Amino acid sequence: MTRIRLGMVGGGNDAFIGGVHRIASRIDDRFELVAGALSSSPEKSAASAQALGIPRSYGSFEEMARTEAARDDGIEAVSIVTPNHVHAAAAKAFLAHGIHVICDKPLTSTMDDAVALQAAVKDAEALFILTHNYTGYPMIRQAREMIAAGDLGEVRIVQAEYPQDWLTSPMENEGLKQAEWRTDPARSGAGGSIGDIGTHAHNLACFVSGLRVESLAADLQSFGAGRTLDDNAHMMLRFEGGARGMLWSSQVAPGNENALKLRIYGEKGGLEWAQEDPNYLWFTPHGEPKRLLTRNGAGATEASQAVSRIPGGHPEGYLEGFATIYNEAADAIRATQNGTDRATAMGILPGISAGIDGMRFITACVTSSAGNAAWTTL
């Protein structure tokens, strides 16, 4: 199968998430990175392109979109891995030229930008894919399939948490670029931890449970001295249909590295999953002993097996889950090129709707906390 020609905006050779996207795009050999506007500085962009072996370098994403669209061998898709405030403008530039967009989350830095991007996606012929990478884990797909099949019965309780500790000290004042932009409202948006990792927990809770958050009551904190954005958040959730939940996101919880966890309980049983041990899913039918379900092991479902690359007992994790999103994006891109309509091609891939839901989540959290944790609808 011919590789999809890929471009990248942001993600220079010293950027963590850019490297993750590049690795993920290559794992299943579906993409070839041929162009990039890797920095807002043309000189830095060119230096990164040379270091990474990317053939064509551009000084801006506008130039890249225009020039690549005019080439017979131009890019077919672009990865946008910039800080949040660049997402909307970059995505619209490529969509306008019929180039498929694979964008890091959250969707944008403001709700106005999100709404404008939603309109651009609706009018475009190209696909828009949001990299909520945790939806690509095999045991997450299994949990989703089990709940949809009724193994838990009616869902009653959904709990998600995503604690980290890397901003416990003021890393933004110590020259760390990842911390600098994530704590800057002009580049990150209104949400700190809720935008960076809370949106992952919210998205995963909804993706697996099949439910949507109707309203929430949020209490946001900025424990870091001088920080204007939250670095810790607690909230209660009310889901459509009557289920209840809780969500905690924190980047100031010492001892937690990337401790995303999900627990879902229904009338017939419960499921528990932890990102740092992602090949295991605990299933407890009510009144019976806990059962440990393993990736590609006995009891693996069709949805789980479909995104497992290696036999059970060989760990798969973060990069492979990310690669699943890229692999399915490649399938969707090729499907649209062969005449499949966009909605069918996208399948369960996270897209503009997931992005808008994430922005509504951030907005509701900020509004609720400003109102002393008042219940706020999404």
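The following legends describe several close-up views of one predicted model.

The structure is a predicted model in which local features need pLDDT of at least 70 and side-chain atom pairs count only at pLDDT 80 or more, while totals for chains, interfaces and linings use all residues. Residues are numbered from 1 along each chain as its sequence is written, and side-chain values use heavy atoms, with hydrogens and water left out.

**Figure 1. The protein chain as a whole contains 13 helices and 15 strands.** Helices (H or I, at least four residues) and strands (E, at least two) are DSSP runs, numbered from the N terminus. The radius of gyration is 20 Å, close to the 21 Å that the globule rule gives for 378 residues, so the chain is as compact as a globular protein of that length. This radius is taken over C-alpha atoms, and the globule rule is 2.2 Å times the number of residues to the power 0.38. Along the principal axes, the C-alpha atoms fill a box of roughly 65 × 50 × 35 Å. Of the 378 residues, 55% count as buried; buried means under 20% relative accessible area, exposed over 50%, and partly exposed in between (1.4 Å probe, protein chains only).

**Figure 2. Antiparallel pairing links strands 11 and 12, strands 12 and 13, and strands 13 and 14.** Strand 11 and strand 12 share 5 bridges and form a hairpin with 2 residues between them. Ile 264 has Leu 271 in strand 12 as its bridge partner. Between strand 12 and strand 13 there are 4 bridges, and a hairpin joins these strands through 5 residues. Here Glu 272 stands opposite Trp 282 in strand 13. Strand 13 (residues 280-285) pairs with strand 14 over 4 bridges, and Leu 281 has Leu 293 in strand 14 as its bridge partner.

**Figure 3. Helix 6 (residues 138-148) packs with helix 9 (residues 193-209).** The angle is about 45° and the axes are 7 Å apart; axes are lines fitted to C-alpha atoms, for helices over the stretch in contact, and angles run from 0 to 180 degrees between N-to-C directions. The two helices are therefore oblique to each other, since angles under 35 degrees count as roughly parallel, over 145 as roughly antiparallel, 65 to 115 as roughly perpendicular and the rest as oblique. Ile 140, Arg 141, Ala 143, Arg 144 and Ile 147 in helix 6 meet Leu 204, Phe 207, Val 208 and Ser 209 in helix 9, with contact meaning heavy atoms within 4.5 Å.

Key:
Pairing = 2+ DSSP bridges.
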